[in-house]
Amino acid sequence: MSVFAGLFTGSGGPLERPRRATLFPPAQVVVVALAAALLRVAFWQLARSSAFLHTPVVDGSFFDIWARTLAEGRVFQEQAFFKPPLYAWVLAFLYRLGCDLATVQVLQLGVGVVTSVLLLGVARTVLPPRQAFAAALATALLPILPFFEVQLLAEPWTLALSLAGLLPILLVIGGRAAAGWRTLGAAGLLLGVAALGRPNLLLTLAVTVGCLWWWGRGGRLAPRALLPLVIGFVVAISPATLHNLRHGEFVLVSANLGVNLWTGQSDTADGVSAIPVGVQWDDMQLRSRQAGAEKPGASSRYYTRETLGWIAAHPGRTAALLLKKAVLIGNAYPGRNNINPLWLAREDGVFLLARWWPGTWLLLPFAIVGLVFAGRGEAPWWLLKWLVLTQAAAILPFFAAVRFRQPLLPLLALFAVAGAVLLVRRAGAARLAALAVFVAAAVYVNVDWYGLGDARWLARDHFNRALIELRGYAGARPDPAAAERHFRAALELDPDDVDFNERYGALLLGQAQPLVQEIRRRAEAGSAFDELVPRADGLLRAAADRHRRATAAYPRSFRSWANLGTARMWSGDLVALQARQALARSDTTAARDLAESALAAYEDANRSLQTSLGIDGTQRELGRQMQMVAGAVLELPPLGERIPALQERVRTGQGGRR
């Protein structure tokens, strides 16, 4: 008989307790593992040419740097952990073994295969065998899972660990294992190790303990029997806690709660996007330091207070953000985080992530039916529902990126199969109710309520591609021309983004620097430099324009103000050289006009540098630049009225820092 036979027929139903049988029937394990492996082979073949698989970006880049530092035997951070440490530890271990990036990615795809097999065991604790097999296959064939498995992120490992930790708990509730130290202690250890990579599993522990206590009332489980679960969890997370205590802060795992709360509720929050590493991130760190919260834990508490204050001052905006995130949690259109799945689907040809390919858009409507109707009153289903719902609700204070929903998908596959069976087997009014829920869920899941499928959401990916082209990771040669193309593409899609303008402006400024230096060298040698001036001047004007746009988008962008000051100072230098050249030709009128134009550039530079220094007063190099501007003003030909007067004030120390 086929392993698919009887899925929707026979006496077994989604509300029935499954027969006692092995959790991992060899034939089903082979089929599930093979299906998962084939999908991942196909995904790898399609995606491996993508630049995003050759260079870690955003969080992946952070963990890569952290792990390589540890692998080299150096200390990465002399402070409490800001990000969860598990993945850095795993990655450092793999690097010490000699694994390169591709080897790590293939290994993590293998972890995804293991996850699918583990889901088979979890499913067989609550579903009849054939339905459990279908749920495992659905998990094995979800394309969004390998999408995360090929990134340098903790998700593949934490998902496998959390399912492995959940399995013995379900066995205890189902009466198939004793609630002893070995079973619940192992569950606690596994969940605790997973929490070292995904700290919101602390909530999972609380929910699990609460459900076990409620189920155990009446003598089925003594409260003290829960101690192994809690102790195992605490032991597992203790390396991180002890590390943090050694650095003077009581932080259980990592100190990024406050930043994530601020990301979810603030003037710049959109409900779906993280605050990227860049201008806003730098300013967040600066604000924290200026408030006296320099350590990670103190910074987290600072931003927690700031978030609560913002919520109190903006109740309407907070409610709108919460509603948006509630819609997006169950929506099939992915909110980008690090890499947008739409990029791989549209730009890199990974059709497995395309909308028409079976995926979350198909799974979630059935899962919602299952969540509403399946397993009422049965303890294992009750626990699973609470885990799904509380973990989904835990996303609401932060931002609804698809990466945060990813850990729920294997459990949702269980509910999807249960929901599909209910839709087929129910009759009369009960079936109509299930169909009504399914139709409503299909609309909720598959309508792009907030335009996340629009091309503008690929702007950040173009930006990250530009950074990849500039980085030259693992021996690759930087390609500034390709970087410029991607910067321009990002700006076409989102012309007001502060990071796009700032980094592209910095690239243009870097391109102008050698030209400015060559012009200065030729001028000192008495050689002609006129043919270089248009190119240098064009780059400096373009750089200044980008930095002005960045400061308009985010006035506290101190680096943009500083770079604008540098661009204007160099522009002044070019015009000043031309003024001296005109004066040497005895063209006094042209020399005067050029000198006054240079003076205007120097004054603009001074104002920009002062603004940057006012935002971040620790930038000592800006003081030196302002002295250079003052010196350049003194070297201008003393023509007209304004220049000699300003030069006198500079000499007397009254105007040098205007």
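Predicted model: local features only at pLDDT ≥ 70, side-chain atom pairs only at ≥ 80, totals over all residues.
Let me begin with Gly165, a residue of helix 7; helices here are DSSP runs of H or I with at least four residues, strands are E runs of at least two, and both are numbered from the N terminus. Residues are numbered from 1 along each chain as its sequence is written, and side-chain values use heavy atoms, with hydrogens and water left out.

Gly165 is buried, its relative accessible area being 0%; buried means under 20%, exposed over 50%, and partly exposed in between, with a 1.4 Å probe and protein chains only. Which residues does Gly165 touch, not counting residues up to four places away in sequence? They are Ala187, Leu190 and Leu191, where contact means heavy atoms within 4.5 Å. Leu229 lies 64 residues from Gly165 in sequence, with 9.8 Å between their C-alpha atoms.

I turn now to the chain as a whole. It has 28 helices and 0 strands, and its C-alpha atoms fill a box of roughly 105 × 50 × 50 Å along the principal axes. Of its 658 residues, 57% are buried. Among contacts between residues at least 6 apart in sequence, 77% join residues at least 24 apart.

Next, the cores. A nonpolar core is a set of buried Ala, Val, Leu, Ile, Met, Phe, Trp, Tyr and Cys residues joined through side-chain atoms within 4.5 Å. The largest one has 138 residues, and those touching the most other members are Phe43, Leu127, Ile169, Leu412 and Leu414. Helix 7, residues 155-173, supplies the largest share of this core, namely 13 residues. A second, separate core holds 54 residues, among them Ile519, Leu532, Ala605 and Leu646.

Ile169 has contacts with Leu184, Ala187, Leu191, Thr208, Leu212, Leu229 and Leu383, leaving aside neighbours within four places in sequence. Val417, in helix 19 (residues 409-425), is buried at a relative accessible area of 10%. Between the C-alpha atoms of Val417 and Leu493, which are 76 residues apart along the chain, the separation is 40 Å.

At what angle do helix 25 and helix 26 pack? Helix 25 (residues 558-584) and helix 26 (residues 588-615) pack at about 165 degrees, and their axes are 7 Å apart. Axes are lines fitted to C-alpha atoms, for helices over the stretch in contact, and angles run from 0 to 180 degrees between N-to-C directions. The two helices are therefore roughly antiparallel, a term for angles over 145 degrees. The residues of their contact comprise 21 nonpolar, 7 polar and 3 charged; nonpolar covers Ala, Val, Leu, Ile, Met, Phe, Trp, Tyr, Cys and Pro, charged covers Asp, Glu, Lys and Arg, and the others, Gly among them, count as polar.

Finally, two loop residues. Ser586, in the loop between helix 25 and helix 26, has a positive phi of about 65 degrees although it is not a glycine. Asn338, in the loop between helix 14 (315-329) and helix 15 (341-346), has a positive phi near 75 degrees. Are these residues buried or exposed? Asn338 is buried, at 4% relative accessible area, whereas Ser586 is exposed, at 62%.

Technical notes: Parallel < 35°, antiparallel > 145°, perpendicular 65-115°, else oblique.
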